[in-house]
Amino acid sequence: MTVVERATSRPGVIRYEINRSITGTGHEHYSAGREVAGERPVDELARRLFDRGGIDAIHVNSNIITVDLAKGGTRDGIEDLIANLFIYYGPGVEVPTIPEGD
């Protein structure tokens, strides 16, 4: 997935544009300290970003992800987490093989 980081006019707020929609036409908002329910890609992304730490809130609309950093939080690693959202076979995951003759 292609990710482009964009600065905003608000300190501590970063916008990421990606090359696919992960919410359709809907808006999703997530806040730190609240459970992220659901199994959609946007929900998984929110969980991964909050697990990383240093984030107060996340807003996603289609292909735009807006991240509100916590005080003292940095953007280090956020772009990679977004870019790798759909990577299933990461380090340590065994890729299944089809036995010969099947």
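**Reading the features**

Reader: What does the relative accessible area say about Thr23?

Author: This is a predicted model, and the value is computed from it. Burial here is judged by a cut-off, with buried meaning under 20% relative accessible area. Thr23 has a relative accessible area of 15%, so Thr23 counts as buried.

Reader: Where is Thr23 found, and what does its side chain reach?

Author: Thr23 sits in the loop between E2 and strand E3 (27-31). Its side chain reaches the backbone oxygen of Gly26 at 2.8 Å. Setting aside neighbours within four places in sequence, Thr23 is in contact with Glu28, Val42, Val60, Asn61 and Ser62.

Reader: On to the sheet. In what order do the strands lie, and how are they paired?

Author: A sheet is read by strand order, then by the direction of each pairing. Here five strands form an open sheet in the order E1-E2-E5-E4-E3, and the pairing is antiparallel. Strand E1 (3-7) and E3 are the edge strands; each has a single partner strand, so one side of each is without a neighbour in the sheet. From one strand to the next, the twist averages 20°.

Reader: How many bridges join E1 to E2?

Author: Five bridges join E1 to E2, and the two strands run antiparallel. As one example, Val3 has Ile18 in E2 as its bridge partner.

Reader: Which residues touch the most other members of the largest nonpolar core?

Author: A core can be read by its members and by the elements that supply them. The largest nonpolar core has 21 residues, and those touching the most other members are Tyr16, Ile55, Ile58, Ile65, Ile78 and Ile82. At least two residues each come from strand E2 (13-18), helix H1 (41-52), strand E4 (55-61), strand E5 (64-69) and helix H2 (78-83). H1 gives the most, with five residues.

Reader: What is Ile65 in contact with, leaving aside its neighbours within four places in sequence?

Author: The contacts of Ile65 are Ile14, Arg15, Tyr16, Ile18, Ile22, Leu45, Ile58, His59, Val60 and Ile82.

Reader: Now the charged side chains. How many salt bridges does the structure hold?

Author: Side chains of opposite charge can pair when their charged atoms come close. The structure holds nine salt bridges. One of them is between Arg48 and Glu44, at 2.9 Å from N to O. Both residues lie in helix H1, four residues apart, about one turn of the helix.

Reader: Which residues do shared partners join into one network?

Author: Salt bridges that share partners link Glu39, Glu44, Arg47 and Arg48 into one network. Glu44 also forms a salt bridge with Arg47, with the closest N and O atoms 3.3 Å apart. Glu44 and Arg47 are three residues apart in helix H1, so about one helical turn separates them. Arg47 in turn forms a salt bridge with Glu39, where the closest N and O atoms are 4.0 Å apart.

Notes:
Residues numbered from 1 in each chain as written. Predicted model: local features only at pLDDT ≥ 70, side-chain atom pairs only at ≥ 80, totals over all residues. Heavy atoms only, no water. Core = buried A, V, L, I, M, F, W, Y, C linked by side-chain atoms within 4.5 Å. Buried < 20%, exposed > 50% of the residue type's maximum accessible area, 1.4 Å probe, protein only. Contact = heavy atoms within 4.5 Å. Polar contact = N/O pair within 3.5 Å; in protein donor to acceptor, adjacent residues only side chain to side chain. Pairing = 2+ DSSP bridges. Axes fitted to C-alpha atoms, helices over the stretch in contact; angles between N-to-C directions.
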